[in-house]
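Trainee: I've got a new model open and some time to go through it. Can you walk me through a few spots?
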Amino acid sequence: MEGFDGGLRHGRASLAVGFFAQGAVFALLVTRIPALQDRYGVSDALLPAFLAAVPVLAGVGSVATEHLVKRVRPSVVLRWVQPVVCLALLGAGAGSALWQLAVSLAVFGICVGALDASMNMLGVSLQRAYGRSIMLGFHAAYSLGGILGASLAWAGAHWHLSLAALYGPVVAVLIPLTLVAGRWYVDQRTEVQGAAGAAAGTAAAAAAPVAMRLLLPLCLVMAFAYIGDSTVSNWSAKYLQDVLGGSEQLATVPYNVYMVTTLLGRSVGDLGVRRFGAAAVVRTGALVAAAGFAVVAAAPGAWVGMAGFTLLGLGLCVIVPQTFAAAGRLFPGASDTAIARLNIFNYVGFLVGSPLVGALGDAWSYRGAMLVPMLLVAATLLYARSFRTEPARYGVGHERPRTADVGRAGNGL
């Protein structure tokens, strides 16, 4: 039992490192979109197409991961795609021709889809093994990485560093860090006898049906949350600079503020779920996020806009982790499949949200465009009952992994 618990603790810590690294990489990309636009001469009309291509390809990566994890462990997928995501970030910052940006973003998109799916598969299975809510903690590590990435982006803008000079040292640190952490990833397998039994258990889990009719409410919640999140990620810098009159340096701050409040909310969110239940926490988050968008839309200046982004971080932060956790509880025998499919709606949200806000901003106003994600996030209240299911206790499809299987985690097929 001591070895089993130790393996889970190591797996939890190493997965948190993976979430942290991805948060940093993603923040470094999205907070420097204006700089990438200037470097490659991407027009305002073409920018939404580039932003839309990334979630489309990420959805492809998530679909591919659903089938890939039937043959290899999610930990293997995560361990090898994360360094590629880092290299794609560096490629985006180091190129000079538009086609180089396109290739880098394409690789980034496909691999980030596999990364997001495999990370959350591991997180849900670990939460099942712990028997209590821990998913918000993993996403808190992502937020912490986002804070670091946004802070480095601010420093790069302040000291006028080239994107290659900004991204290079970060990638040089994160790739070895994630490769080392990946040695302790834990894949949960049902309690069966021997390696052949483990393979049979995996096949049985993969074969368990995932009814999209039951998963659809969670898919909609995921899409609404990511429409909100993509609005902050892709448009907060431009909104603060072009609409609210902030400086280039100040324009990097809203995402940082958003990530700080996201970190705070997720750091205590697991305690809230344990005490009040997931449905109550999701309802509260949706109301706070809708209020945040209203403040951003009505803000007379940059600092009031910053207050709106603060509310957005506190509200949106709880929704996505709890949606993944709810999918794992809903389909305990096929949680990997359910999470891979649910993760597609992460990118549906990004695909819809970013171009929608851009199109409405150009045709109408960016202030008015902020009202659309406000209404969609508020619609989450209609589906909050989907989160009422309590975390499943160990039973059929919920067995703890054997100590031997924990020891094999992340070491191959």
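Predicted model: local features only at pLDDT ≥ 70, side-chain atom pairs only at ≥ 80, totals over all residues.

Trainee: What follows H2?
Mentor: Glycine 41 does. Its phi is positive, near 65°.

Trainee: Which residue other than glycine has a positive phi?
Mentor: Histidine 160 is one, with phi near 55°.

Trainee: Where is histidine 160 found?
Mentor: In the loop between helix H6 (135–158) and helix H7 (163–181).

Trainee: Is histidine 160 buried or exposed, and why do you call it that?
Mentor: Exposed, because its relative accessible area is 68% and the cut-off for exposed is over 50%.

Trainee: New topic: pockets. How much space lies in the second largest pocket?
Mentor: About 290 Å³. Its lining has 20 residues, and Ile33, Pro34, Ala35, Asp38 and Glu248 lie nearest the centre.

Trainee: Which elements give two or more residues to that lining?
Mentor: Helix H2 (33–40) and helix H9 (212–243). The largest share comes from H9, with 7 residues.

Trainee: What classes of residue make up the lining?
Mentor: There are 9 nonpolar, 5 polar and 6 charged residues.

Trainee: On to glutamate 66. What is its place?
Mentor: Helix H3, residues 47–68.

Trainee: Buried or exposed?
Mentor: Glutamate 66 is buried, because its relative accessible area is 7% and buried means under 20%.

Trainee: What is glutamate 66 in contact with, leaving aside neighbours within four places in sequence?
Mentor: Thr337, Ala340 and Arg341. With arginine 341 there is a polar contact, side chain to side chain, at 3.1 Å.

Trainee: How far is glutamate 66 from alanine 338?
Mentor: Their C-alpha atoms are separated by 8.6 Å. Along the chain, the two are 272 residues apart.

Trainee: Last one: asparagine 346. Where is it found?
Mentor: In helix H15, which covers residues 335–363.

Trainee: Buried or exposed, and why?
Mentor: Buried, because asparagine 346 has a relative accessible area of 3%, and the cut-off is under 20%.

Trainee: And which residues is asparagine 346 in contact with, again leaving aside neighbours within four places?
Mentor: Asp116, Met222 and Tyr226.

Conventions
Residues numbered from 1 in each chain as written. Heavy atoms only, no water. Helix = DSSP H or I, 4+ residues; strand = E, 2+ residues; numbered from the N terminus. Buried < 20%, exposed > 50% of the residue type's maximum accessible area, 1.4 Å probe, protein only. 1 Å grid on protein atoms, 1.4 Å probe; cavity = no way out; pocket = protein on both sides within 12 Å on 5 of 7 lines; lining within 4 Å. Points joined across faces, edges and corners; volume = space filled by probe spheres on them. Nonpolar A, V, L, I, M, F, W, Y, C, P; charged D, E, K, R; others polar. Contact = heavy atoms within 4.5 Å. Polar contact = N/O pair within 3.5 Å; in protein donor to acceptor, adjacent residues only side chain to side chain.
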